[in-house]
Amino acid sequence: MYIKSRSVVSCLYILIFSCLTYGTLSQNDTTKTPIYIAGFMPFPDPTYDHLVASVLTAIDHVNSFDKILHDYELRMIWNWTMADPGKSLLTFYEFINSPHTILMAWGPTYSIVGETLNVVVSQYNIVQVGIAQFQTDDLFMRDYPYTIQIYPNANIFNPARISLFNELGWKRASIIFQDVDLFRGEMEQLAEMMVAEGIDVISIEGFSDEPAYRIRNLKKHDSRIIVGIFYQDMAVKIFCEAYRQGLYPPKHVWMIVGWYHTNWWVEETEKIRETNHDFCTLQEMEIAVEGTLSMRGFEFQQNASRLDFNGERPSKDHEEYLEHLQRMLLTSGACDSYGYDQIITISLALNASIEDLKQLSPPKRLEDFTYESKYMADIIYKNAKNVKFNGLTGFVGFDEYGSRQSEAVVQQLQDGNITQVLVHNQLKDDIRFINAFKWSGGFVPVDGPTYEIIQLTISQSKKVFIYILSGLGIIYASILLVLNIKYRETRVMKLSSPLLNSLIVVGCIVLYVSMVLYLWSLEIRENSPVFVSCQLGLLTTCVGFSMAFGALFMKTYRVYSIFKATMTRLRAARGLHNSTLFSYIAAFVLIDVLINGFAYWFNLFEIVSHEVNEKNDTTNPHLELVYIEVSYECSSRYNSVLSSFLIAYKGAMLLFGVFLAWSTRNVKLVHLNDSHYIAICVYTVVICCMITVPAAVLHSNKLGLIFVLFGTTIFLTNTLVLSLVFLPKLHVLYKDGGKDVNLSTMPSEFTSKSTISKNECDVLEDLYLQKCLELKRLKCRLKAST
């Protein structure tokens, strides 16, 4: 069924006029002068048969009016163009070679015909009032100088589409169009407007014949919102292929033009299936087109009493028929109401031209028009653009291009019926809803998966845990530093080098601080300062390690030097005073600073992101939210070189410490030699690194685990070093009540401080230690000889 209802009068018109080639139903009035207009009708089918009847009825109505063309009888010569440019030109040449002169033309209805026909017709100075759409600009005026568009021009629909996108929250869409000038220009304009509005144009597909390949492209790009503009016969091919490719509701929304016939998919599908049974069935097509949005001009005169043709109102006899046309307009894309208003526009333009022609010298009448009368065509065109009236399609008025200005209405195919949903006013950029959208599933379709970037973070509980460990470590180290300074003159502290002990404590405090700073290296932001995020934590870790372990190793190195020196080489051993040992430690620290300074100066580090994981939001599946977990890290093309150098450098320090510990393992002066604890510290560092580094590599996306492992490792090694260095000494102090401890029967002249300088005291200390060590050696040899 093509049209849901027809009045008896309409059916009669279709029956009579579908057989005609020329002429109208008007009864000839011998008292009036006949004037002729041309009618370019599309092709015979029930819809356009009805259109012909409506147009001829409008002519009859005009001829019955008293205030419009009073002395004239309007007649139409019409024929089918078959929506073909070539056939339309042939029809036009038949018209101009007929015995009757054509003053104006009604039509055409198809832009593909108008692109050719209107150019030729204007060469004969004939003004046209057509439904065919064009984009209006200066190029339009050049190509179609005598064309008036009764249907709203294509320029009003793209702003409405953009407003609809924003209203429904769509930020991505694809475009597919039949490759004709009108559609191409309109879609190019839409693409530019989308980009300007921040809406992504996923894909633009143009086609001439078969659209299957273009539909596959839309699927490949995961197009969800698709703006399509094509003629009705091609639309069914588009939607059949869309059905087979799965591009239909509820996940996909099509937005097409709104001037197709009622039940256009039924009409066209049945035509195709007469010769091609492999084409989609009606049931499949109904699934494909359900929920489709369409765009058309807002062309409805809601109050019939407002119909006014410049002072001429339709009679009571006409009202029933006009109300019938209005009902058709609300429920379909039929252009009957436009066809009626076209005739009113033509008659008002000719009526207004009568007085203007009288002002010419010599005066002219409408019947004096010839195809060479450009001046008369200019008058008729001017009056056509100035026409204003309240018609069936609302207020009719034209801009400087002769183009109809109108609001745009968005329709939706709901359960097989066209429903007007909202209206967009281009001038005010205002949307007002008439009815609600109806979506499958009850939710507005999304324009595709929404990927939300989520940066991996460390839980607050893990941060608090490391903060507490770092704070406890700093407090513990600070207490030991105070005790070391307080009891630095006691023998047990003095023999273990209190200055180096203080440096060990300071290095450990720096390492405790680096536990917190390392957080900045894990929770990097995209715009974080590179030095703070990439190097500050590394620098404090390296410097703290060099200070703490460097001081510990230097203490043992001095014992090693003294232990290896004989009495004849005492002078060589005397050179290892605190200043020398501090310079060695400073050299270690300087190497760390230079490495990091070099990397910073030459911008070797940059912040890069890595996608770690994707998670679908299962709470609102219709939104298709996908959370992408991203981590940021510092990267460098020289990363492997820098890492290898630091590992080798710090590894060499640890090996050096192991060597010192092994070489001084026989030194039994506990308060003097910390070598017994160095091995424990080194083993602890190595074991912790063997656990931490592989875990960090295997679980690189678990920032919290890495942070806890790193912080715990530093806390354990630091605390162990401090405890092994200080607790035995503090235990001795506690046992002796803080008194000085005599470790030997060293002569009093070695301990007198009244007349001995600081350097001399250091020499005597070294000499005393040398003697103690030599005595140990002799005892060992004696024991071995017996």
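Reader: Which side chains does the polar contact of 3.0 Å join?

Author: The side chains of D356 and N383. Keep in mind that this is a predicted model. D356 sits in helix 13 (residues 336–358), and besides N383 it touches I379 and K382, not counting residues up to four places away in sequence.

Reader: How far apart are D356 and I379 in sequence and in space?

Author: They are 23 residues apart along the chain, while their C-alpha atoms lie 7.2 Å apart.

Reader: And how should I class D356, with a relative accessible area of 24%?

Author: Buried means under 20% and exposed means over 50%, so D356, at 24%, is partly exposed.

Reader: Let's turn to the sheet. In what order do the 5 strands run?

Author: The general idea: strands of a sheet pair through backbone hydrogen bonds, and the pairing is either parallel or antiparallel. Here the order is 2-1-3-4-5, in an open sheet with parallel pairing. Strand 2 (72–80) and strand 5 (147–149) are the edge strands, each pairing on one side only. On average, neighbouring strands of this sheet are turned by 25° against each other, ignoring direction.

Reader: How many bridges join strand 1 to strand 3?

Author: There are 4 between strand 1 (residues 33–41) and strand 3 (residues 102–106), which run parallel. For a pair to click on, take I37, whose bridge partner in strand 3 is M104.

Reader: Which strands does helix 14 lie across?

Author: Helix 14 (residues 374–385) lies across strand 3, strand 4 (127–130) and strand 5, and runs at about 15° to strand 5.

Reader: M82 has a positive phi. Is M82 buried or partly exposed?

Author: Phi of M82 is near 60°, and M82 is not a glycine. M82 counts as partly exposed because its relative accessibility is 43%. N125 also has phi near 60°, but at 10% relative accessibility N125 counts as buried. N125 lies in the loop between helix 4 and strand 4.

Reader: Last one: where is the kink in helix 23?

Author: At F726, shortly before the proline P728, with a bend of about 35°. Helix 23 (residues 703–735) still reaches 46 Å from its first C-alpha to its last, close to the 48 Å expected.

Definitions and conventions. Residues are numbered from 1 along each chain as its sequence is written. This is a predicted model: local features need pLDDT of at least 70, side-chain atom pairs count only at pLDDT 80 or more; totals for chains, interfaces and linings use all residues. Side-chain values use heavy atoms; hydrogens and water are left out. Helices (H or I, at least four residues) and strands (E, at least two) are DSSP runs, numbered from the N terminus. Buried means under 20% relative accessible area, exposed over 50%, partly exposed in between (1.4 Å probe, protein chains only). Contact means heavy atoms within 4.5 Å. A polar contact is a pair of N or O atoms within 3.5 Å; within protein, one must be able to donate a hydrogen and the other to accept it, and residues adjacent in sequence count only if both atoms are side-chain atoms. Two strands pair if DSSP finds at least two bridges between them. Axes are lines fitted to C-alpha atoms, for helices over the stretch in contact, and angles run from 0 to 180 degrees between N-to-C directions. The expected span of a helix is 1.5 Å times one less than its number of residues. The bend at a residue is the angle between axes fitted to the seven residues ending there and the seven starting there.
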